[in-house]
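Please take me on a tour of this model in my viewer. Tell me what to select at each stop and what I will find there.

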Amino acid sequence: MDNDARPLAVFDLDNTLAGTAHRQHFLEGAKRDWAGFFAAAVDDPPLPEGVRMVLANAEECRIVYLTGRPERCRRDTVRWLSRQGLPEGELFMRRNDDRRPARRTKLDILRRLGRTGQVRMLVDDDELVCDAAEVAGFAVVRARWADPSDALKDAQEREGRT
């Protein structure tokens with residue numbers, strides 16, 4: 001089977017493949033430490049449910065990673081994916097200056113991907129991202145295997161940071 005013809009399986013990172021609980025403290029309080037939050041991502045533990053799902057889809061689908069992390073985190077993110085033994089895949093990240101809500105940035109990228117191939121599924125923990133993707137006609141798997149963080153939800157929606 002031609003790799004380019006395979007459908008796409010699109011995976012979020014934070015709280016879908018990577019556990020962020022150990023770095024949530026950087027987002028709590030009035031002054032959020034974004035540099036500390038993103039720097040600590042290199043130590044994220046893999047989330048077994050998400051990793052299993054990527055590996056289960058890797059033969060049949062082209063894997064795409066779609067994260068709200070800013071582009072400046074690309075090198076650390078690519079290293080983290082490799083250290084977890086996850087398959088290679090295209091990595092889409094937020095522009096460093098993009099502060100739109102995650103549901104908008106990710107939906108824009110999903111639509112772009114859908115113009116070039118079949119998106120079989122999006123796997124994401126952000127309920128607003130999942131809702132927007134479903135309304136747009138994408139199949140969604142809601143990653144509910146990590147503890148939700150109110151600080152992270154606020155950051156994704158109001159501050160457009162992750």
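Predicted model: local features only at pLDDT ≥ 70, side-chain atom pairs only at ≥ 80, totals over all residues.

Residues are numbered from 1 along each chain as its sequence is written, and side-chain values use heavy atoms, leaving out hydrogens and water.

Now colour by burial. Of the 162 residues, 52% are buried (under 20% relative accessible area; exposed is over 50%, partly exposed in between; 1.4 Å probe, protein chains only).

Switch to the cartoon. Among contacts (heavy atoms within 4.5 Å) between residues at least 6 apart in sequence, 71% join residues at least 24 apart.

Next, select the loop between β1 (8-11) and α1 (34-39), where Gln24 sits. Gln24 is buried, at a relative accessible area of 8%. Draw a C-alpha to C-alpha distance from Gln24 to Ala40: 9.8 Å, for a separation of 16 residues in sequence. Asn15 belongs to the loop between β1 and α1 too. Its relative accessibility is 5%, so Asn15 counts as buried. Check the backbone as well: phi of Asn15 is near 65°, a positive value in a residue other than glycine.

Move on to the second largest pocket, with a volume of about 230 Å³. A pocket here is an open set of points on a 1 Å grid over the protein atoms alone, where a 1.4 Å probe fits, with protein on both sides within 12 Å along at least five of seven lines; lining residues have an atom within 4 Å of a point. Points are joined across faces, edges and corners, and the volume is the space filled by probe spheres set on them. Of its 16 lining residues, Leu8, Arg62, Ile63, Val64 and Glu90 are the closest to the centre. β2 (62-70), β3 (90-94) and α4 (102-116) each give two or more residues.

Which element gives the most to this lining? α4 does, with 4 residues. Finish by selecting α4, where the buried residues include Ala102, Leu107 and Leu113.
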